[in-house]
Structure formats: C-alpha cells, structure tokens
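Have a look at the model, then read on.

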Amino acid sequence: MLSIKNLHVTINDKPILKGLTLDINPGEVHAIMGPNGAGKSTLSHVLSGKAGYTVTEGSVMYNGKDLLELAPEIRAREGVFLAFQYPVEIPGVSNIYLLKAALNAMRKHQGLPEVDAMDFLTIVKSKVKLLQMDEKFLYRAVNEGFSGGEKKRNEILQAAILEPKLCILDETDSGLDIDALRIVSEGVNSLRNAERSFLMITHYQRLLDYIKPDVVHVLADGKIVKSGGPELALELEERGYSWLEGQAA
Ligand SMILES: Nc1ncnc2c1ncn2[C@@H]1O[C@H](COP(=O)(O)OP(=O)(O)OP(=O)(O)O)[C@@H](O)[C@H]1O
C-alpha cells in the first residue's frame with residue numbers, strides 16, 4: 001500500500017526528515033509517536049502533497065505509483081486522506097456542499113457514477129449518526145467557529161464519507177473530551193477493513209487503547225528510531241523518549 005524509502009525532506013533548506021523508511025500493508029494501522037519537532041507532521045504533509053517541502057532523496061510508492069509525482073488533488077482522488085492537526089476553516093462553503101463535491105470528485109476520478117443529492121443525504125446522515133454529531137454541523141461553513149473537538153470529529157466525518165484507502169490522522173485525539181475520544185475512535189474503528197490502511201500520529205498511548213495499532217513507530221530527529229507492537233507505546237508512556245537516543249530501528 002505505502003512504501004517510504006530513505007525519505008529526506010527539507011523546509012527552507014533545513015533538513016527535517018533524514019532517511020525515513022516505513023512500509024504499510026493493506027489493512028494495517030500504524031501509529032507514529034515521537035518528541036515535539038521530530039518531523040511527524042512534516043511526514044503527513046509531504047504524503048498529502050502540501051507545498052513548501054523539498055524532497056531531496058528517497059521515494060514514496062503508493063499502490064504501485066510514485067506518490068511524489070502526483071498532484072495533491074490527484075493523491076486525494078486516489079484515496080489518500082489527511083485529517084489535519086489544525087483543521088482549516090472555509091468560510092462561505094457549507095460542510096455538506098464540500099463533502100458532496102469531494103465525494104463526487106473522487107468517484108468521477110475512480111470511474112464511478114456520481115451520487116445524487118438524495119442518496120448523498122442518506123449517506124451523510126448515517127455517518128453523522130455514527131459519529132454522534134448534530135446534523136446542524138452539515139449546514140454550517142466548514143469548521144468555521146467549530147470548537148477544537150468539533151473540528152476533529154468533522155475530519156473523521158470527512159474520512160467516513162470519502163472512504164479513503166490510506167487515512168492519515170495527525171493528532172486527531174488532541175482537543176477531544178473523554179466521550180468524544182471514544183466516539184471518534186469508534187468511528188475510526190468502523191472504517192477499518194482489510195484494504196484500508198491508517199497512519200496515526202499521536203502523543204498519547206490512551207488513543208491506542210481505543211484504536212489498536214498493528215505497529216507502533218517512534219520518529220525522532222527525522223527518522224524512525226524504533227518500531228514494535230502496541231506494547232511499545234506503553235513502554236514510551238513509562239520511560240519517555242530519552243532512552244531511545246542513539247538507537248535506530
Ligand atoms: N516553515 C517552516 N520553517 C522552518 N522550520 C519549520 C517549518 N515548518 C516546520 N519546521 C520545523 O520542522 C520541524 C519538524 O516539525 P513537525 O511539525 O513535523 O514536528 P512534529 O513531530 O509534528 O512536532 P509536534 O509533536 O510538536 O507536532 C520542527 O523543528 C519545526 O520547527
């Protein structure tokens with residue numbers, strides 16, 4: 001599904017990712033943890049095609065295609081979804097309008113018929129229910145005036161509707177209250193299947209109690225320095241990151 005080899009990335013000539021290698025198979029959930037400033041969000045931005053990042057070395061293959069060669073909107077239409085750490089507000093564009101336009105753009109790209117307004121309403125309402133959101137959020141401008149937790153829940157609503165193949169969640173748990181964390185996690189778990197893969201960036205082991213990862217990685221100073229099973233997250237919670245200094249996976 002996703003194969004990242006020796007990825008080096010700079011921002012304004014400053015090296016941020018320094019030889020990152022990561023392979024994710026279909027259906028797997030990988031969690032990435034690591035100290036502040038290690039490069040976790042940089043990785044998610046590079047995968048989604050955000051401007052401002054220069055890949056100086058390495059490769060990223062996604063379902064047999066060179067991901068770095070694809071324009072950001074094509075990546076999205078090919079099923080790469082990024083739930084932002086800081087979801088953007090889009091004043092003047094209603095949530096439901098954006099969701100329908102995005103879903104139909106994806107379906108068109110994939111050679112599928114567009115979903116009409118009635119069918120879309122049925123789909124969107126079932127997903128809103130799944131995430132225990134109020135339907136009124138559908139008719140508000142995208143993320144405008146949403147609380148931090150409401151924005152995060154809205155990101156998962158987008159994922160639930162777009163049904164991506166690779167779902168990148170950047171600190172989706174931050175800002176969620178205790179109940180919202182459980183509801184959002186249940187939403188993510190309902191999206192898990194044998195074909196869909198997840199890359200979850202988180203600082204907290206707590207999220208991984210709800211969404212069981214197959215693999216946990218530690219990203220430090222631009223590289224994966226350790227990988228393991230869910231027990232690695234528990235160890236990190238207990239010991240912090242300093243014991244990993246100087247280690248490589
Ligand atoms: N536009 C920029 N100009 C210069 N440095 C930048 C820029 N954007 C990011 N960086 C630097 O890149 C490094 C990696 O940032 P990144 O956001 O990827 O870290 P992170 O691991 O996601 O951190 P956190 O856990 O705090 O969210 C940081 O040192 C950050 O200051």
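Predicted model: local features only at pLDDT ≥ 70, side-chain atom pairs only at ≥ 80, totals over all residues.

Residues are numbered from 1 along each chain as its sequence is written. Helices (H or I, at least four residues) are DSSP runs, numbered from the N terminus.

H1 itself spans residues 40–48 and is mostly covered, with seven of its nine residues buried. Buried means that 20 or more other C-beta atoms, placed from the backbone, lie within 10 Å of the residue's own. Those in H1 are Lys40, Thr42, Leu43, Ser44, His45, Val46 and Leu47.

Now for the core. A nonpolar core is a set of buried Ala, Val, Leu, Ile, Met, Phe, Trp, Tyr and Cys residues joined through C-beta atoms within 7 Å. The largest one here has 59 residues, and Phe81, Ala83, Ile156, Ile168 and Met200 touch the most other members. Helix H5 (residues 148–162) gives the most to this core, with five residues. Leaving aside residues up to four places away in sequence, Phe81 touches Ala76, Ala159, Leu162, Pro164, Leu166, Cys167 and Ile168; touching, or contact, means C-beta atoms within 7 Å, placed from the backbone.

| Pair | Angle | Axis distance |
|---|---|---|
| H4 (residues 117–130) and H5 | about 135° | 10 Å |
| H3 (residues 95–109) and H5 | about 35° | 10 Å |
| H5 and H6 (residues 178–191) | about 10° | 10 Å |

H5 and H6 are therefore roughly parallel, a label for angles under 35 degrees. In this pair, Gly149, Lys152, Arg153, Ile156, Ala159 and Ala160 of H5 meet Ala180, Val184, Gly187, Val188 and Leu191 of H6.

H4 and H5 are therefore oblique, the label left over once over 145 is roughly antiparallel and 65 to 115 roughly perpendicular. Here Ile123, Val124, Lys127, Val128 and Leu130 of H4 meet Leu157, Ala160 and Ile161 of H5.

Definitions and conventions:
Buried ≥ 20, exposed ≤ 12 C-beta atoms within 10 Å, placed from the backbone. Helix = DSSP H or I, 4+ residues; strand = E, 2+ residues; numbered from the N terminus. Contact = placed C-beta atoms within 7 Å. Axes fitted to C-alpha atoms, helices over the stretch in contact; angles between N-to-C directions.
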